[in-house]
Amino acid sequence: MATSQRSKGEAEKATPSNGRPADHVSQDEPINEPVLGVVGWLRWTWRLLTSMRTALILLLMLAAAAIPGSIYPQRSADPNGVDTFFQQNPTSAPIMDKFQLFDVYTSAWFSAIYILLFVSLIGCVVPRIGVHFKALMAPPAATPTNLKRMPAYAQAESAIKPDAILDDAQVLLKRQGYRVHRTTKSVAAERGYWRETGNLIFHMSLVGLLIAVGFGGAYSYSGQRILVEGDTFVNNLAGYDSFNPGIAFNETMLPSFSATLKRFEVKYDITNATNAGTPLWFKARVDIRQHGSNTVLHKTIMVNDPAEIPGAKIFLSGNGYAPVITVRDGKGNVAFSGPVVYLPQDANMTSLGVIKVPDAKPKQFGILSFFYPTVGKLKTGALTSVFPANANPLVTMNIYEGNLGLDSGIPSNAFSLQVHGLKQLTGGKTKVKGIQLTIGQSAKLPDGLGSVSFDALRRYASLDVDYNPGQGWVLLFALLSLGGLIMSLVIPRRRVWVKIVTDGFEVAALARGDDPQLERVVAEVSSKLANTDKDSE
């Protein structure tokens with residue numbers, strides 16, 4: 001007995017828990033794991049990329065990646081803002097530029113997310129189109145054997161023939177928009193295919209939206225030009241102050257036209273004491289001449305109301321003052337003459353301007369100037385503008401003598417003067433006061449440099465000329481995606497069965513997802529079939 005018991009115990013120890021004989025188990029035998037190989041890894045990567053979860057993650061990443069584009073100025077929309085940011089943040093701006101934070105929408109990392117999302121959506125949507133098409137062609141699901149297991153169920157007694165019950169059920173469900181399949185003992189019905197159709201429309205519209213955005217970005221262009229009253233802009237590359245084309249843009253795509261700024265108008269609030277000086281509206285009145293046409297188009301450009309011509313839209317993005325300055329050098333020759341664009345520094349249009357006179361004789365010099373539309377004084381004695389309109393205009397100037405660096409061949413910012421290395425002749429710690437001029441006044445420059453005069457005052461408008469051929473398609477696909485999303489959320493997907501039993505009939509329903517109306521649907525179908533039974537009596 002003891003021997004048999006030991007043998008039994010040893011046998012139990014030697015037999016693994018899965019019931020296989022002990023000779024099939026060896027601790028020294030290596031476990032052979034399947035090897036995916038290159039094809040297997042590629043297939044796994046494709047399935048991971050084309051999963052709906054990955055598509056949602058990439059969509060959230062794309063939305064998060066676009067945030068810096070709304071926080072920091074972009075070269076494509078606001079190149080002057082980028083220059084100002086570099087001036088105000090000389091340490092951090094170059095580091096941020098390495099991460100392409102000023103070119104977010106054309107950056108490598110944004111494009112990578114964009115392309116991955118595009119591929120993921122295509123991989124998600126295309127297979128589902130075939131599956132949905134087969135579902136549309138297939139009859140409704142067969143009636144289950146046990147309808148009592150369905151989430152909504154009802155049973156009713158009936159004395160009429162089974163065929164009559166099924167006939168009535170077939171007619172009733174068809175009227176309610178169900179696709180119906182009848183057998184000898186039951187009617188199977190299904191509706192709500194538009195729910196999945198809407199879901200597919202939503203995802204296909206997202207793919208179309210990405211294509212439209214990519215196409216529009218590739219063939220679009222955006223250019224900026226500051227135009228002073230009376231000046232004319234010709235739409236070619238040389239006519240822009242800055243220009244940002246798409247990767248597929250060609251210069252021949254620019255429409256041939258010219259635009260003349262006839263007058264710039266602005267109305268300020270003078271009735272409200274707390275908001276005095278707040279602009280109520282801006283208007284740039286522009287004459288546009290298209291190539292090959294003798295007709296002059298008189299356009300009024302306002303904020304968010306651009307002038308539209310074939311192949312371009314002209315937006316009003318900024319404005320300011322352009323005092324007309326004439327500079328004569330030490331020999332009496334005109335070294336500079338014309339309107340100078342002054343950049344606003346505050347809400348009251350205190351503006352900064354720079355005049356560079358490299359051709360002056362005997363020495364070249366630069367002028368750092370401020371313009372005050374309505375000059376006033378602070379308690380400290382410093383000048384400021386107290387109102388943005390030109391009620392009491394004044395120009396102040398400080399003169400800097402020395403090499404301006406314009407002959408080195410290195411591009412420089414026309415709106416800034418690098419005073420390092422230059423000798424300051426007026427203002428600051430010098431003994432000579434800065435020059436102050438009102439309209440019509442002139443003054444002599446120190447050190448025999450010549451004279452300067454403030455001749456007139458004009459306004460200027462900052463115009464953006466934009467073209468994006470994908471804008472209409474973006475709007476179309478955005479509306480389609482919204483419609484598809486509404487369809488997928490509103491339309492319920494239901495299956496309803498009516499089955500003959502010994503003493504009457506059964507009604508059951510099943511929904512894909514949460515459907516609070518399911519029991520009501522079953523009760524209505526059951527009630528109408530029961531009432532039909534009474535009417536026949």
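The lining of the second largest pocket divides into nine nonpolar, 13 polar and five charged residues; Ala, Val, Leu, Ile, Met, Phe, Trp, Tyr, Cys and Pro count as nonpolar, Asp, Glu, Lys and Arg as charged, and the others, Gly among them, as polar. The model is predicted: local features need pLDDT of at least 70, side-chain atom pairs count only at pLDDT 80 or more, and totals for chains, interfaces and linings use all residues. Residues are numbered from 1 along each chain as its sequence is written, and side-chain values use heavy atoms, with hydrogens and water left out.

**Second largest pocket**
- A pocket is an open set of points on a 1 Å grid over the protein atoms alone where a 1.4 Å probe fits, with protein on both sides within 12 Å along at least five of seven lines; lining residues have an atom within 4 Å of a point.
- The volume, the space filled by probe spheres set on points joined across faces, edges and corners, is about 920 Å³.
- Among the 27 lining residues, Asn80, Thr84, Ile226, Leu343 and Phe415 lie nearest the centre.
- Helix 5 gives the largest share of this lining, six residues; helices (H or I, at least four residues) and strands (E, at least two) are DSSP runs, numbered from the N terminus.

**Largest pocket**
- This pocket holds about 1,400 Å³ of space.
- Its lining comprises 26 nonpolar, 16 polar and six charged residues.
- Helix 9 (residues 193-219) contributes the largest share of that lining, 10 residues.

**Strand pairing**
- Strand 7 (residues 257-268) and strand 8 (residues 279-290) pair in the antiparallel sense over 11 bridges, where pairing requires at least two DSSP bridges.
- Val266 stands opposite Phe282 in strand 8.
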